[in-house]
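Reader: Could you walk me through the salt bridges here, and show how each label follows from its cut-off?

Author: Gladly, let's take them in turn.

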Amino acid sequence: MRVNKWGVGLVLAASVLLTGCTAGAEEPTDPKPSAAAEETTAPAPASDCPELSEGATVDGAALGSCITEAMQDTAGYVAKTNILGMETTARYDPTDKAIETTTPMGSLIVIGDDAWVKSSTSEWQVADPNSSDPIIAALSSGAVTAASTDPAEAAGALTGDFTVTGTGTRLGQEVYLVSGTSQAQGVDVDATFEVTKDYVVLASSGTTEAAGQSIESSLEITEWDVAQDIVAPL
C-alpha cells in the first residue's frame, strides 16, 4: 500500500489526539504480572483527588491532574497503542524525559529537546520536519509532539465529567473503569480509562472523528515501573 505524507500525518495526528486521553470498551484482562508490576510505587493520592468508587461521578480535570502526578513517579513503562489498525509500541523514561516509539513506518527517539527518527528502510538521523522524504518528515513532526502521546501527560488535558462504571484487574492490580467524553483539540473523544486506586492508567481506548474519519484507539501498558534504557542513537 502506498503511504503518502497526508496518510502518515493523519495517523500521527490521531496518535497525539487519542493516546492516553481515550479509553476503552474492552473488558480488562489479567495477564501474568511482572514482579515489578505487582507492587505499585505511585504515591498515595492527594486529599483533593476524586474518590473512585462504582457509580461515582468525577471531574475530568481533577482526575487528569491526579493521573499525571501519579504516573510521573515511576522508573519507566511500556505501552502498546492501536490506532486505525496500526500498532505502536512506546517506551517512557520519566526521569530523563525520554520516549522511544516504534511503528510499522519507522521509529523515533526523543530525549529532552533532542529527537532522532528512522524509517523502516533508513538509518537513524536527526529529526527534520522539512525532509523531502514524507515518512521522515511525518516522523519528525511526530517527535515534536511525542510528549503529548505519553498517557501521563495527555491525562492533564482531560475535560468534562466521568463516571466510574465498574471494576476489573490489569497487571495484577484492581482497576476502576472510568468513562466519559472529553475534548481534545476541539474534538469530542468518548473515553474510558482503567485506573488503579493510586490513579495510574493501565489501559484505555476510545472513539472520535478526525478529517471526517471515525478513529478508534486502544492503549495497554505492558510494563509498569520498569526502568527503560533509552539512549541517543547517534
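Author: Arg 91 and Glu 100 form a salt bridge through their side chains, with 2.4 Å from N to O. Before going on, a word on the source: this is a predicted model, where local features need pLDDT of at least 70, side-chain atom pairs count only at pLDDT 80 or more, and totals for chains, interfaces and linings use all residues. Residues are numbered from 1 along each chain as its sequence is written, and side-chain values use heavy atoms, with hydrogens and water left out.

Reader: What makes Arg 91 and Glu 100 a salt bridge?

Author: The term asks for a side-chain nitrogen of Lys or Arg within 4 Å of a carboxyl oxygen of Asp or Glu. The N to O value for Arg 91 and Glu 100 is 2.4 Å, so the pair qualifies.

Reader: Why is Glu 100 called buried, and what is Arg 91 called?

Author: Buried means under 20% relative accessible area, exposed means over 50%, and partly exposed lies in between (1.4 Å probe, protein chains only). Glu 100 has 18%, so it counts as buried. Arg 91 has 22%, so it is partly exposed.

Reader: How many salt bridges does the structure hold?

Author: The structure holds three. In one of them, the side chains of Arg 170 and Glu 194 meet at 2.9 Å, N to O. This pair links distant parts of the chain, with Arg 170 in strand S8 (residues 161-170) and Glu 194 in strand S10 (residues 187-195), 24 residues apart. Strands are DSSP runs of E with at least two residues, numbered from the N terminus.

Reader: How do you know whether Arg 170 and Glu 194 are buried or exposed?

Author: Arg 170 has a relative accessible area of 5%, so it is buried. Glu 194 also has 5%, so it is buried too.

Reader: What makes Arg 170, Glu 194 and Glu 220 one network?

Author: Glu 220 and Arg 170 also meet in a salt bridge, at 3.5 Å, N to O. Glu 220 is in strand S12 (residues 213-224), 50 residues from Arg 170 in strand S8. Salt bridges that share partners join Arg 170, Glu 194 and Glu 220 into the network. At 30% relative accessibility, Glu 220 is partly exposed.

Reader: Which residues does Leu 202 touch?

Author: Leaving out residues up to four places away in sequence, Leu 202 has contacts with residues including Arg 170, Glu 194 and Glu 220, where contact means heavy atoms within 4.5 Å. Leu 202 is in strand S11 (residues 201-210). Its relative accessibility is 0%, so Leu 202 counts as buried.

Definitions and conventions
Helices (H or I, at least four residues) and strands (E, at least two) are DSSP runs, numbered from the N terminus.
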